[in-house]
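Me: Please take me through this model by question and answer. Start with how its elements are assigned.

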Amino acid sequence: MDWVEFPSLGRRDLRDLRLAVDGSFKEFTRAYGETLESIFEPLKTFLVALESLLITSPWPLVLLALLAIVFLMSRSVKITVGSMVALLLIGYFGMWEDTMRTIAMVAVCTLVAIVCGIPIGILMARSDRVQAFVNPVLDLMQTMPSFVYLIPVVMIFGLGKVPGVIAVVIYAIPPMIRLTNLGIRLVDTDVLEAADAFGSSAWQKLTNVQLPLALPTIMAGINQCIMMSLAMVVVASMIGVKGLGQPVLQAINNQYFTMGVMNGLAIVAIAIIFDRATQAYGKRLQKHSEVVHG
């Protein structure tokens, strides 16, 4: 036995294996590609409509609406004024339209992650078997390089908004699921026993006790989800997603330092606005639950 060269599959066998897997996947995309595209058509329509609303509406109205959301979440004049200054600077430097596209993309991806992630997190919290099955999948989603899972997504859906949303959601949803699971599992057992003593059903216990008490942790999951969605903006631009990621990609290709820095700073500004607003909202929820439940 040769102890120097590591035993490996022969080149011909390896080539046959790759051809078989690639061929099967191509047949799958030909057979079910159109069906899968039609399933995601409502999501694409919603994203296009939101994007169009943000871009075609008068900018003062959009700015006021965004600042109102930030103030309602944070109840902080300092954060609201900081957000106004950041958004005005973004518009002044000609990045308003791309910023609105990015906000629409992040909003839709976060919404999809919440709708899909919270039920999975609840299932994990209620069953150790589900947790044992889902945890390795989440590990895979978080550690797999994003460029790798872009390949099958692009093969099925081509370039455009839908593959971008799918890629961003795959990358951003794990913290949403993990923190929902953690928040529910950390609910005090004494509180659950009290709910049992009052004859609460499983549904009443979940909706009236576990989810309200876990809400600050779930908000932390939403915060992480938004941050990871923004982190994927530049990568998603490689498959045709418009927004602040595309100018950054152009700057990399053409070595335009200023363009790259300005659009990168705009992404950072949006991330800080979302982060401060959601963190402040999470802290308010935490204080409220402490007051209500002692």
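Reply: Helices (H or I, at least four residues) and strands (E, at least two) are DSSP runs, numbered from the N terminus. This is a predicted model, in which local features need pLDDT of at least 70 and side-chain atom pairs count only at pLDDT 80 or more, while totals for chains, interfaces and linings use all residues. Residue numbers run from 1 along each chain as its sequence is written, and side-chain values use heavy atoms, with hydrogens and water left out.

Me: Where in the protein chain is Q255 placed?

Reply: Q255 has a positive phi, near 60 degrees, and is a residue other than glycine. Most residues other than glycine have a negative phi. As for its place, Q255 sits in the loop between α12 (245-254) and α13 (257-293).

Me: Is Q255 buried or exposed?

Reply: Buried means under 20% relative accessible area, exposed over 50%, and partly exposed in between (1.4 Å probe, protein chains only). The relative accessibility of Q255 is 71%, so Q255 counts as exposed.

Me: How many helices and strands does the protein chain have?

Reply: Read along the sequence, the pattern is α-α-α-α-α-α-α-α-α-α-α-α-α. The C-alpha atoms fill a box of roughly 70 × 55 × 45 Å along the principal axes. The count is 13 helices and zero strands.

Me: What percentage of contacts between residues at least 6 apart in sequence joins residues at least 24 apart?

Reply: Contact means heavy atoms within 4.5 Å. Of the 294 residues in the protein chain, 39% count as buried. Among the contacts asked about, the share that joins residues at least 24 apart is 77%.

Me: How do α2 and α8 lie to each other?

Reply: Axes are lines fitted to C-alpha atoms, for helices over the stretch in contact, with angles from 0 to 180 degrees between N-to-C directions. Angles under 35 degrees count as roughly parallel, over 145 as roughly antiparallel, 65 to 115 as roughly perpendicular and the rest as oblique. The axes of α2 (residues 41-56) and α8 (residues 161-185) come within 10 Å and cross at roughly 100 degrees. The two helices α2 and α8 are therefore roughly perpendicular.

Me: Which residues of α8 make the contact with α2?

Reply: The axes of α2 and α8 come within 10 Å. From α2, the contact takes L43, K44, L47, V48 and E51. From α8, it takes K161, V162 and V165.

Me: How do α6 and α8 lie to each other, and what is the hand of the crossing?

Reply: α6 (residues 128-143) packs against α8 at about 150 degrees, with axes 9 Å apart. That makes α6 roughly antiparallel to α8. A crossing is left-handed if the near helix is turned anticlockwise from the far one by less than a right angle, and right-handed if clockwise. The crossing of α6 and α8 is left-handed.

Me: How do the residues of the contact of α6 with α8 divide by class?

Reply: Ala, Val, Leu, Ile, Met, Phe, Trp, Tyr, Cys and Pro count as nonpolar, Asp, Glu, Lys and Arg as charged, and the others, Gly among them, as polar. D128, Q131, N135, L138, D139, M141 and Q142 of α6 meet I170, I173, P174, P175, I177, R178, N181 and R185 of α8. By class, these residues are seven nonpolar, four polar and four charged.

Me: How many residues of each class does the contact of α3 with α5 have?

Reply: The axes of α3 and α5 (residues 96-126) come within 13 Å and cross at roughly 40 degrees, so α3 and α5 are oblique to each other. W59, V62, L63 and L66 of α3 make the contact with W96, M100 and I103 of α5. The classes are seven nonpolar, no polar and no charged residues.

Me: How far apart in space are G33 and I156, C-alpha to C-alpha?

Reply: G33 lies in helix α1 (residues 11-39), and at 4% relative accessibility G33 is buried. Beyond its neighbours within four places in sequence, G33 is in contact with F28 and I156. G33 and I156 are 123 residues apart in sequence, but their C-alpha separation is 5.4 Å.
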